[in-house]
Amino acid sequence: MSIIKGIISGNFIKCLSFSVILSAFTFFSFGQKQTAYRDVDVVLCMDLSGSTNGLLDNFRDKMWDIINQWQMYSPRPVVRIGLIGFSRYSFTDGSGYVRVFSDLTDDYDALSKQMFAVQPYVENGIQFVGAAIGTATTQLTWSKKPDAVKIMYVLGNGVVNLGSFDYRARCEEAAKEGIIIHPVYCIKNDKQLRQKEIPGWNEIATLTGGEFSQVYVNKRAPLVTAPVNLMAIASINDSINKTFLPYGKNGIDHLKLMLSADNNAVKTYEAYFYSRLKYKMSEHYSARMLTWDVTSYKNAYPESKLAAVRSSVKADNTGVVDLEALAKNYSDTRNRLYQSLKSNFPEGEEDRIHKEVSAEEYELENRLDKTLIRTYHNTLVKEGFKD
């Protein structure tokens with residue numbers, strides 16, 4: 001049946017009223033009444049010059065691993081992530097060679113798209129670290145909640161006091177806003193290490209209450225070490241993706257973003273794709289889907305009637321489809337597929353990784369993913385979160 005084709009063509013987008021959308025957002029905010037939430041904002045300022053070639057690839061391949069770990073705390077972190085690039089001449093001189101790719105968002109599918117849209121070619125550039133810190137502090141929409149945790153990662157290398165952008169003054173501005181900066185000195189190999197640059201990066205941490213770290217840009221390995229059957233989980237995911245019924249002004253866009261994020265993840269190592277699907281089944285993603293997917297809404301409220309929706313929708317002029325019955329059928333199908341997907345997941349891997357990260361003897365191995373997970377852990381524990 002060509003239902004999906006009819007939906008994507010635009011026949012269905014206007015079927016749901018604002019009341020249904022409002023109900024979805026109400027569920028996201030209040031539906032899980034026994035769960036406490038707290039805002040955590042994380043901004044990544046990445047040096048994208050030739051000296052750190054591969055840094056962006058490293059993060060975007062491992063982002064689902066990292067996001068899964070970042071959410072494993074109590075109260076439950078509502079994590080928004082922002083992305084800033086610096087050190088490319090194409091970013092224009094007036095900005096200090098800085099560009100905001102994404103404001104703070106918890107729409108990680110959209111963030112993934114932004115990351116994969118960054119031009120892969122490597123340019124020469126100049127690292128104005130102070131400009132990057134200043135842009136991140138003043139041009140992004142940080143949480144205004146008094147108990148929000150605000151973290152900035154500055155990832156790159158070079159001398160931090162280049163140009164007219166005073167990095168100390170920018171650090172003081174960030175600290176006044178309650179932003180903790182974790183500087184991460186990035187190199188490709190030991191020959192690239194410049195000891196004279198390290199003190200400035202260390203000082204950034206000192207001025208803002210952060211931690212200094214050093215990583216090798218292209219050093220990576222799966223955090224999930226148990227075997228994963230890529231063909232099996234990819235096949236089940238394809239079937240799950242056929243159960244979506246997008247609604248609202250941006251429903252189709254969200255569906256396309258989801259499919260794009262899946263596609264980008266499946267091209268990498270099988271354990272990375274597993275982590276993408278693990279996130280896709282998370283409470284956070286389920287809540288987000290309520291705002292654009294009728295099947296998710298029906299799954300969350302099985303007894304509800306879609307009163308604000310037309311009782312049926314025509315698809316390719318082949319007849320009339322009962323939307324209630326279709327949503328119920330898709331919901332039941334998706335639940336069965338979720339159980340099948342879970343049976344193909346390695347058991348307890350996230351808990352194992354989380355326990356390792358929490359241990360005092362955790363070895364960072366100069367890896368980006370381990371460094372981001374560990375420094376985030378240390379920050380949240382200091383801010384009163386429980387692991």
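**Entry 1: cysteines.** I note first that this is a predicted model. I looked up cysteine 186 and found it at 0% relative accessibility, so I logged it as buried, the cut-off being under 20%. Cysteine 171 also has 0% relative accessibility and therefore counts as buried. I then searched for disulfides and found zero in the structure.

**Entry 2: sheet order.** Which order do the six strands of the open sheet take? I read β3-β2-β1-β4-β5-β6, and the pairing is mixed. At the edges I found β3, residues 98-105, and β6, residues 213-216. Each of these has a single partner strand, so one side of each has no neighbour in the sheet.

**Entry 3: β2 and β3.** I looked at how strand β2, residues 76-86, meets β3. The two run antiparallel and are joined by five bridges. In this pair I noted phenylalanine 86, which stands opposite valine 98 of β3.

**Entry 4: helices on the sheet.** I checked helix α4, residues 108-117, and found that it packs on the sheet and touches β2 and β3. Its direction makes about 15 degrees with that of β2. Next I checked helix α5, residues 129-138. Helix α5 lies across β1 (37-47), β2, β3, β4 (149-156) and β5 (179-187). Against β4, helix α5 runs at about 155 degrees.

**Entry 5: α8 with α13.** At what angle do helix α8 and helix α13 pack? For α8 (residues 230-241) and α13 (residues 323-343) I logged about 165 degrees, with the axes 10 Å apart. An angle over 145 degrees counts as roughly antiparallel, so I describe α8 and α13 that way. The crossing of α8 past α13 is left-handed. I listed the residues that meet here: Ile233, Ile236, Ser239 and Ile240 from α8, and Arg334, Leu337, Tyr338, Ser340 and Leu341 from α13.

**Entry 6: α8 with α9.** I returned to α8 for its packing with helix α9, residues 251-266. Their axes come within 12 Å and cross at roughly 175 degrees. On the α8 side, the contact is made by Leu230, Asn237 and Asn241. On the α9 side, I wrote down Met258, Leu259, Asp262 and Val266.

Definitions and conventions: Residues are numbered from 1 along each chain as its sequence is written. This is a predicted model: local features need pLDDT of at least 70, side-chain atom pairs count only at pLDDT 80 or more; totals for chains, interfaces and linings use all residues. Side-chain values use heavy atoms; hydrogens and water are left out. A disulfide is a pair of cysteine sulfur atoms within 2.5 Å. Buried means under 20% relative accessible area, exposed over 50%, partly exposed in between (1.4 Å probe, protein chains only). Two strands pair if DSSP finds at least two bridges between them. Helices (H or I, at least four residues) and strands (E, at least two) are DSSP runs, numbered from the N terminus. Contact means heavy atoms within 4.5 Å. Axes are lines fitted to C-alpha atoms, for helices over the stretch in contact, and angles run from 0 to 180 degrees between N-to-C directions. Angles under 35 degrees count as roughly parallel, over 145 as roughly antiparallel, 65 to 115 as roughly perpendicular and the rest as oblique. A crossing is left-handed if the near helix is turned anticlockwise from the far one by less than a right angle, and right-handed if clockwise.
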